[in-house]
Amino acid sequence: MSEAGVRVLDDLVWDEVTAATQGAAAPCFQCGVCTAVCPWGLVQKEPVNVRRLIRLAQLGTDGWGEAIWLCTTCGLCEARCPRGVPVSEIILALRRLAWDRRAVPKGLPSMLWAIHWDGNPLDQPPSQREAWAKGLNLEPFTPEHELLFYVGCTGAYDRRTQKIARSLVTLLRAARVRFGIFPDEPCCGESIRTVGQEEYLAEVVAANTERFKAAGVRKLVTVSPHCLDMFRSHYPPWDGFRPLHYTEYLDQLVSDGSLRFKRELRGTVAYHDPCYLGRRHGIYDAPRRLLAAIPGLTLVELPAAREDALCCGGGGGRMWLETHAGERFGDLRIREAEGTGVEWLATACPFCVLCLEDSAKVLGVERPRVVDVTELAVRALGEASS
Ligand code: SF4
Ligand code: SF4
């Protein structure tokens, strides 16, 4: 940018930016709705100028700065954009260029190395991948199984979200589903995609696709909506491949009578829509039907629900970057849920559980308690959680 604020276009940069964004910014007419709705405007004095980022992409020039790393890919701006501009995909394309320029935040290269060496972004030893399933005697997946239970890196290693994976095992067993796991399950690559490392992502997706096909995987059920998004939208489909989120699958089991909730659970619950389940894949009703199927439980809607839901702050690679106190979207969501007076704030995503629970702890909010849908469902089985 010149001193007078005039941007000088550079042919090479123009080629790079237009190739990376594939002209997706062209329909933008600079209305500014994206900037107005972006949740960063609720937690920072200066909202992220999303409109400007899209303008730079449209002009085929750079100068986007640190702002590209803030996007949680929540999709709220995309849902509201009158021109249907894929804002977060454009931002991920700019992140890809930032890797070429070695202009990426500290911490991201080591997160990718952790996936390369250990198979997970949490930098945990591969030998502990199955620790979440200790004592459950799960079967290694074979083509005779009805489905592959894909736990994902967070469900496998994070101590809090391991409980979600174990609750889901209890539910699948209660419905007599024959399922298997991959003992050395590979990372789906979601964190690689959202930080924009396209070349490495292509390697991981190709290797996993071969492995899954060779193992005879067809139906696959994920704990995380982020893994679901990878398998459903960023893997090449193969014959019979059907990735499902657990809320969709459990909803089917309830509706065909395979899964029954017999124990009453008196209380009120609000449901937080994870961005990657709701706005990304339109899965709004299955988790609500599951909660509604629990006897005694009353579902209360949050003021911002479904398409309007506020992001927890954990998507778009933000789990691997520092978010300063006072700037966490989860704090706003906890206050919103607190205002409804519910006992539980249920959600269906490991990242959401972690972000919301963290905010509740920092704010000292004890009611509502943050839970995953599986955890309430297990209590309604009338069986002890495994
Ligand atoms: S909302 Fe859409 S059209 Fe409006 S400035 Fe943002 S990207 Fe452009
Ligand atoms: S996807 Fe979400 S975080 Fe990213 S720019 Fe749009 S509203 Fe902001």
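The crossing of α4 and α6 is left-handed, a term used when the near helix is turned anticlockwise from the far one by less than a right angle, with right-handed meaning clockwise. α4 spans residues 50-59, and α6 spans 87-100. Helices here are DSSP runs (H or I) of at least four residues, strands are E runs of at least two, and both are numbered from the N terminus. The model is predicted: local features need pLDDT of at least 70 and side-chain atom pairs count only at pLDDT 80 or more, while totals for chains, interfaces and linings use all residues. Residues are numbered from 1 along each chain as its sequence is written, and chains are lettered from A and ligands numbered from 1 in the order in which they are written.

The α4 and α6 axes lie 10 Å apart, at an angle of about 65°. Axes are lines fitted to C-alpha atoms, for helices over the stretch in contact, and angles run from 0 to 180 degrees between N-to-C directions. V50, L53, I54 and A57 of α4 meet V87, I90, I91 and L94 of α6. Contact means that the C-beta atoms of two residues, placed from the backbone, lie within 7 Å. By class, this contact has 8 nonpolar, no polar and no charged residues. Ala, Val, Leu, Ile, Met, Phe, Trp, Tyr, Cys and Pro count as nonpolar, Asp, Glu, Lys and Arg as charged, and the others, Gly among them, as polar.

Take ligand 1. Of the 14 residues around ligand 1, the nearest are C28, C31, V33, C34 and C81. A residue is near a molecule or strand if its C-beta atom, placed from the backbone, lies within 6 Å of it. α2 and α4 each give at least two residues to the shell around ligand 1. That shell has 10 nonpolar, 2 polar and 2 charged residues.

Now ligand 2. Which of the 14 residues around ligand 2 come nearest? They are C38, C71, C74, L76 and C77. Two or more residues of this shell come from each of α2 (33-37), α5 (76-80) and α6. The shell of ligand 2 divides into 10 nonpolar, 4 polar and no charged residues.

T73 sits in the loop between α4 and α5. T73 is not a glycine, yet its phi is positive, about 55°. Most residues other than glycine have a negative phi, and most peptide bonds are trans. The peptide bond between R367 and P368 is cis, with omega about 10°. P368 belongs to the loop between α16 (350-363) and β8 (369-372).

Step back to the domains. The assignment gives domain 1 (11-100), domain 2 (108-253) and domain 3 (258-381). These bounds come from an automatic or database domain assignment. The C-alpha centres of domain 1 and domain 3 are 28 Å apart. Here 12 residues of domain 1 contact 15 residues of domain 3. On the domain 1 side, α3 (40-43) and α5 each supply at least two residues. That side divides into 8 nonpolar, 4 polar and no charged residues.

Two further helix pairs remain. Start with α9 (residues 159-174) and α16. Their axes come within 10 Å and cross at roughly 135°. That makes α9 oblique to α16. Angles under 35 degrees count as roughly parallel, over 145 as roughly antiparallel, 65 to 115 as roughly perpendicular and the rest as oblique. The crossing of α9 and α16 is right-handed. R160, T161 and I164 of α9 face P350, V353, L354 and E357 of α16 in this contact. By class, there are 4 nonpolar, 1 polar and 2 charged residues.

The last pair is α14 (residues 285-292) and α17 (residues 373-381). Their axes lie 10 Å apart, at an angle of about 25°. α14 and α17 are therefore roughly parallel to each other. Their crossing is left-handed. P287, L290 and L291 in α14 meet V373, L376 and A377 in α17. This contact has 6 nonpolar, no polar and no charged residues.
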